[in-house]
Amino acid sequence: MNYPIYDKLKQLNKEDVYPFHMPGHKRQKQSIMEGDAVFALDTTEITGFDDLHHPEGMIKESMEYVRHIYGSKESYFLINSSTAGILSAVTAACRYGDKILISRNCHKSVYHAISLLGLRPVYLYPDIKQDICTGITSYQVREILNRENGIKAAVIVSPTYEGIVSDIRGIAKVLHERNVPLIVDEAHGAHFIFHSRFPESAVSQGADAVIQSLHKTLPSLTQTGLLHICGSRIRKREIEQALTTFQSSSPSYILMASIDYCVRKCAGSPQLFEDYIQNLKEIRTRLDQMRHLKLLKTDDPGKLVIQTGNTDLTGKKLFDILRMQYKMELEMSEIPYAIAMTSICDSREALDRLCSALIEIDGSLKDTEENHETFNIINELVLTPYEAKIRDRKRIRLEQAAGEISAEYVFLYPPGIPVIVPGERISGDAIKKILKYREQKMNLIGLDEEHIYTVDERV
C-alpha cells in the first residue's frame with residue numbers, strides 16, 4: 001500500500017542530505033522515544049495524565065520547572081508552536097479594533113492576529129544594512145509613540161531569522177512609560193538562556209510576554225514551543241483563555257513530553273553548549289577567511305548567514321549547489337544570502353563538512369560586477385488587513401499592480417515575512433522584489449500564477 005507522507009519521510013531518512021535547518025534535533029535517532037513505537041506513547045486525557053488546558057498534575061509540574069529555568073512569572077506549553085503563542089498574546093493584550101505597533105518584519109502569524117481582531121496596525125520599518133534588517137531601537141519606538149496616540153500593545157521580533165536582536169530592554173522602558181505591553185516574538189531564541197555567549201533573552205529584559213519555538217534551535221519535536229508571561233500588563237487569565245482557543249482540545253502528549261524532555265536536557269547539560277560554542281567559534285574563524293562569500297557577523301553565533309556579495313551567485317544558487325553537489329540542505333535562501341541553522345545536535349564533523357564545502361565553493365568563485373539590488377520596501381498602509389479581506393477583489397497581473405491595494409499576503413517561505421500585506425498600496429519596489437524571487441524560482445506564497453488579488457476600489 002502507498003503511504004505518500006510516511007514513505008517520503010522514510011526516504012528522507014535513507015538519504016545522506018545533512019539538515020542545516022530546523023528542527024534543532026537534526027533528526028538524530030536517539031530521542032525521548034528511546035526505541036518505543038510512537039503509537040505506543042500516544043494517549044489522551046485519561047486518569048492520572050492531567051489536562052493541558054487545566055493542569056493540576058504532571059503538566060503543571062513540568063510547566064513550573066520551565067518557569068523556574070527561564071525565570072518567567074508563568075510559562076505555558078505550546079503544541080501549536082509560536083503561532084499559537086503569538087495569537088494568544090495579541091488576543092490577551094488587545095480588544096477588537098485597537099491600534100497595535102508592530103515591527104514590519106514580523107512573521108505572518110502576527111498579521112493573522114491583526115486580521116482576526118480587526119486591529120489597526122502601525123508599522124515600524126527596521127533599517128536595512130548589508131541586505132539584512134537591523135535591530136529595532138528604543139529611539140524608533142519613541143518616535144512612533146510621539147506621533148501615534150492610542151497604541152495598546154507592541155510586537156517586536158527578536159532575534160530575526162538572521163540572528164539579529166533588538167534593544168528589548170530600552171524598548172520595554174519606552175513602552176512601559178505609557179503602560180503599553182511589549183510582546184516579543186523570540187521564536188528563534190529559546191536557546192539564549194543556556195550559554196552566556198548567546199544574547200540575553202527578552203524574558204529577563206522587561207518584555208511582558210515572550211514566545212519561543214523550541215523546535216527551531218533546540219532538540220524538540222516540530223510544533224513545540226513556550227509562551228512566557230514576564231510582566232503584569234497582560235493578564236494570566238486572558239492568556240489562558242486565548243490558549244484554550246488557539247490550541248487543540250486534544251493536545252499531543254508526545255509533543256508535551258518533547259517540551260519537558262528538551263528543557264530538562266538542555267538545563268542539565270551545560271557541556272553540550274560549551275562544546276557547541278567552541279565549535280562555532282572555530283568554524284566561524286575558518287569561514288572568515290573566505291575571499292568572495294562573506295559570513296555575516298550576527299548576534300546569535302548559531303545562525304550562519306552566508307552572503308554572496310559581488311559574485312555571480314545568489315543565495316538561492318548557493319542553496320541549490322550545497323543541496324545537489326554537497327548533500328546539505330540549508331534553512332533558507334534570500335536573493336543575496338543563505339542561512340544555515342545550527343544547534344547543539346550538530347556534530348563537529350557536520351560543521352566541518354559545511355565549512356569545507358563553503359570554502360571549496362568560495363575557491364571556485366571570482367568577484368564580478370554583479371550588483372544584487374537592495375530593496376528597502378515601504379508600502380503605504382491604506383486599509384487594515386481585516387478591511388481589505390472583506391472588500392470585493394479583482395485579479396490582475398503582478399506587473400500592473402503598482403499603486404493597487406493588496407487583498408492578499410505575498411511572502412517568501414521561509415521565512416514567512418510578508419513583502420505585501422492586505423490593505424497596503426503595492427509599491428514598485430515590492431513588485432520588483434517579487435519578480436526577482438520568481439526569476440530565481442523561489443518559494444513564493446500568495447500569487448495566483450502571474451497574478452495578484454487586489455481590492456476592487458470601483459465597488
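Is Phe192 buried or exposed, judged by its relative accessibility? In this predicted model, Phe192 has a relative accessibility of 3%, so it counts as buried. Phe198 is buried too, with a relative accessible area of 5%.

## Aromatic pairs across the structure

Let's look at the rings as a group. A pair of aromatic rings is described by the distance of the centres and the angle of the planes. Searching the whole structure turns up 10 aromatic pairs. One of them joins Tyr111 and Tyr123, with 6.1 Å from centre to centre and 55° between the planes, and this pair is tilted. Tyr111 belongs to helix H5 (residues 108-116) and Tyr123 to strand E4 (residues 120-124), so the pair ties together parts that are 12 residues apart in sequence. Tyr111 and Tyr123 are both buried.

Phe192 and Phe198 come back here as a pair: their ring centres are 6.4 Å apart and their planes meet at 20°, so this pair is stacked. The cut-off for stacked is an angle under 30 degrees. Elsewhere, Tyr70, Phe194 and Phe273 are linked into a cluster by ring pairs.

## Arginines over ring faces

Arg104 lies over the face of Tyr123, and its distance from the ring centre is 5.5 Å.

Now turn to helix H6, which covers residues 138-147. Which residues of H6 are buried? They are Gln140, Val141, Ile144 and Leu145. These four cover an arc of only 135° around the axis, which puts them on the same side of H6.

The other side of H6 has exposed residues: Tyr139, Asn146 and Arg147.

## One cavity

How many cavities of 30 Å³ or more does a search of the whole structure find? The search finds one, and the space in this largest cavity is about 40 Å³.

To find the cavity in your viewer, select the residues that line it: His191, Thr217, Tyr276, Asp300, Gly302, Lys303, Met341 and Thr342. By residue type, the lining has four polar, two nonpolar and two charged members. Tyr276 and Met341 are among the lining residues and count as nonpolar, while Asp300 and Lys303 count as charged.

Note on methods
Residues are numbered from 1 along each chain as its sequence is written. This is a predicted model: local features need pLDDT of at least 70, side-chain atom pairs count only at pLDDT 80 or more; totals for chains, interfaces and linings use all residues. Side-chain values use heavy atoms; hydrogens and water are left out. On a 1 Å grid over the protein atoms alone, a cavity is a set of points where a 1.4 Å probe fits but cannot get out, and a pocket is an open set with protein on both sides within 12 Å along at least five of seven lines; lining residues have an atom within 4 Å of a point. Grid points are joined across faces, edges and corners, and a volume is the space filled by probe spheres set on the points. Rings of Phe, Tyr and Trp (its six-membered ring) pair if their centres lie within 6.5 Å; planes under 30 degrees apart count as stacked, over 60 as edge-to-face and the rest as tilted. Helices (H or I, at least four residues) and strands (E, at least two) are DSSP runs, numbered from the N terminus. Buried means under 20% relative accessible area, exposed over 50%, partly exposed in between (1.4 Å probe, protein chains only). A charge sits over a ring if NZ of Lys or CZ of Arg is within 6 Å of the ring centre and within 35 degrees of the ring normal. The arc is that of the directions from the helix axis to the C-beta atoms.
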